[in-house]
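I opened this notebook to record what I looked up in one structure, entry by entry. The sequence and the coordinates come first.

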Amino acid sequence: MALNSNLKINTDRLWDSLMEMAKIGPGLRGGNNRQTLTDEDAEGRKLFQSWCEAAGMTMTVDTMGNMFFLRPGTDPDADPVYMGSHLDTQPTGGNFDGVLGVLGGLEVVRTLNDLKIKTKHPIIVTNWTNEEGTRFAPAMLASGVFAGELDQDWAYERVDAKGKKFGDELKRIGWLGDEPVGKRKIHAMFELHIEQGPILEAEHKDIGVVTHGQGLWWLQVTVTGKEAHTGSTPMPMRKNASLGLGKLLQLVNDIAMEHQPAAVGGVGHIDVTPNSRNVLPGQIVFTVDFRSPDRKVLDGMKAKFEAEAPKIAAGLGIQVQIEAIGHFDPVTFDETCVTAVRNAAERLGYSHMNIISGAGHDACWVNRVAPTAMIMCPCVDGLSHNEDESISKEWAGAGADVLLHAVLETAQICE
């Protein structure tokens, strides 16, 4: 069978699967709260397993809980072509971030079964554990261990806000596998994902051909002042951690703005102690997120913050500690895989453009050990990590169509 524009997935079936998965771990206003290694995560995994096995695939789970579903190829010695993303969500996540890439991969296999298409290379659909990093930092934890960039024992010791360990929770929900992590052979991997930004929608493009991914530094900053009554403590005598927070937030923004347009920086998580309206906080812990596709810019932003933050703290009579808790270098995706994505979009007649991923993804780690590329579809107003995250059925279908064609070009159709 030749690759042509008539070869497409079943968009209605894909959409129905997305909506069915969204029922597990429902959010407060239509999104999802299916955080990693929770009971809801276990339930979502079980549903995904049932669908994959119904499609004739066999499952293997590794020691980080990564799920791999195999569709055999005609050549038993050929390395597999992978598709996948993640099923875990943010606490107030949407229905599509990550999930589209997992269920899009399942839909590709279902389509191949419907059309009785065989491939030389086996095909594997993957669900990577703890991509979000919202419960156990850092993000992309399991794919990072898979790629040899993070240590598994260290990963097992990561704790959530309640002090529960990643390794213990993985065992508790029943998804601790026995396959040694990172021992798999990969011919290539493709990850379908929503853009999580506004560019594709603004440019009226159906498909983003992802050529690069931004690098990232996550810094955890602890500001220590002195708890005191807000009404009776004179202004000149305060050791005000909250004032330090304000000045450091401004510093993060200023550093990012100095490196436009190739950088972003922000603060998304803040813990204040004791968090009382009439007490100056004694301690504030927050995270800084710096990103850039340029390694020199990325490291320069981190270095400037580390140099300037202590000066600000000293001027206020408070203390600051900075710890790097997450990092990956900028990514250049495999040229052959990227070309397969672009060929697919052109073959299908979908409008497309090159794009740099602003977010980190499992594909960024896998790209260290195997040829990898990403496919992006638009999302409404670029909104993600939000229960109002939305895409159209047509966008989802177009992305999965491109995934189908890119995988088939790489896995090689057998006549």
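The entries below cover domains, salt bridges, a pocket and some backbone geometry.

**Entry 1, domains.** I note at the start that this is a predicted model. I looked up the domain assignment, which gives domain 1 as 11-214 + 330-411 and domain 2 as 215-328. Taken over C-alpha atoms, the centres of domain 1 and domain 2 are separated by 33 Å, and the contact takes 13 residues from domain 1 and 14 residues from domain 2.

How many salt bridges does a search of the whole structure find? The search returns 20 salt bridges, and I followed up some of them. As background I wrote down that side chains of opposite charge can pair when their charged atoms come close.

I began with R13 and D114, whose side chains meet in a salt bridge at 2.8 Å, N to O. This pair links distant parts of the chain, since R13 sits in helix α1 (residues 11-21) and D114 in helix α3 (residues 99-114), 101 residues apart. I then checked accessibility: R13 is partly exposed at a relative accessible area of 22%, and D114 is also partly exposed, at 48%.

Next I looked at R172 and D39, which form a salt bridge with their closest N and O atoms 2.9 Å apart. Here too the pair links distant parts of the chain, with R172 in helix α6 (residues 166-172) and D39 in helix α2 (residues 39-54), 133 residues apart. R172 is partly exposed, with a relative accessible area of 45%. Both residues belong to a network of salt bridges that links D39, R135, D160, E169 and R172.

The last pair I looked up was K311 and E308, a salt bridge in which the closest N and O atoms are 3.5 Å apart. Why are K311 and E308 separated by about one helical turn? I wrote down that they are separated by about one helical turn because they are three residues apart in helix α9 (residues 295-316). K311 is exposed, with a relative accessible area of 55%, whereas E308 is partly exposed at 26%.

I looked up the second largest pocket, which holds about 170 Å³ of space. Its lining has 15 residues, and L70, P80, P122, I124 and R184 lie nearest the centre of the pocket. Strands β1 (58-61) and β2 (67-71) each supply at least two residues of this lining. By residue class, the lining divides into nine nonpolar, two polar and four charged residues.

The peptide bond from A137 to P138 is cis, with omega near 5 degrees, and P138 lies in the loop between β5 (123-127) and α4 (141-146). A cis peptide bond also joins Q260 and P261, with omega about 5 degrees, and P261 is found in the loop between α8 (241-257) and β10 (264-273).

For phi, I noted D381, which is not a glycine and yet has a positive value of about 60 degrees. D381 lies in the loop between β16 (372-377) and α12 (393-411), and it is exposed, with a relative accessible area of 64%. Q412, likewise not a glycine, has a positive phi of about 70 degrees. Q412 lies in the loop between α12 and β17 (413-414), and at 35% relative accessibility it counts as partly exposed.

Definitions and conventions. Residues are numbered from 1 along each chain as its sequence is written. This is a predicted model: local features need pLDDT of at least 70, side-chain atom pairs count only at pLDDT 80 or more; totals for chains, interfaces and linings use all residues. Side-chain values use heavy atoms; hydrogens and water are left out. On a 1 Å grid over the protein atoms alone, a cavity is a set of points where a 1.4 Å probe fits but cannot get out, and a pocket is an open set with protein on both sides within 12 Å along at least five of seven lines; lining residues have an atom within 4 Å of a point. Grid points are joined across faces, edges and corners, and a volume is the space filled by probe spheres set on the points. Helices (H or I, at least four residues) and strands (E, at least two) are DSSP runs, numbered from the N terminus. Ala, Val, Leu, Ile, Met, Phe, Trp, Tyr, Cys and Pro count as nonpolar, Asp, Glu, Lys and Arg as charged, and the others, Gly among them, as polar. A salt bridge is a side-chain nitrogen of Lys or Arg within 4 Å of a carboxyl oxygen of Asp or Glu. Buried means under 20% relative accessible area, exposed over 50%, partly exposed in between (1.4 Å probe, protein chains only). Domain bounds come from an automatic or database domain assignment. Contact means heavy atoms within 4.5 Å.
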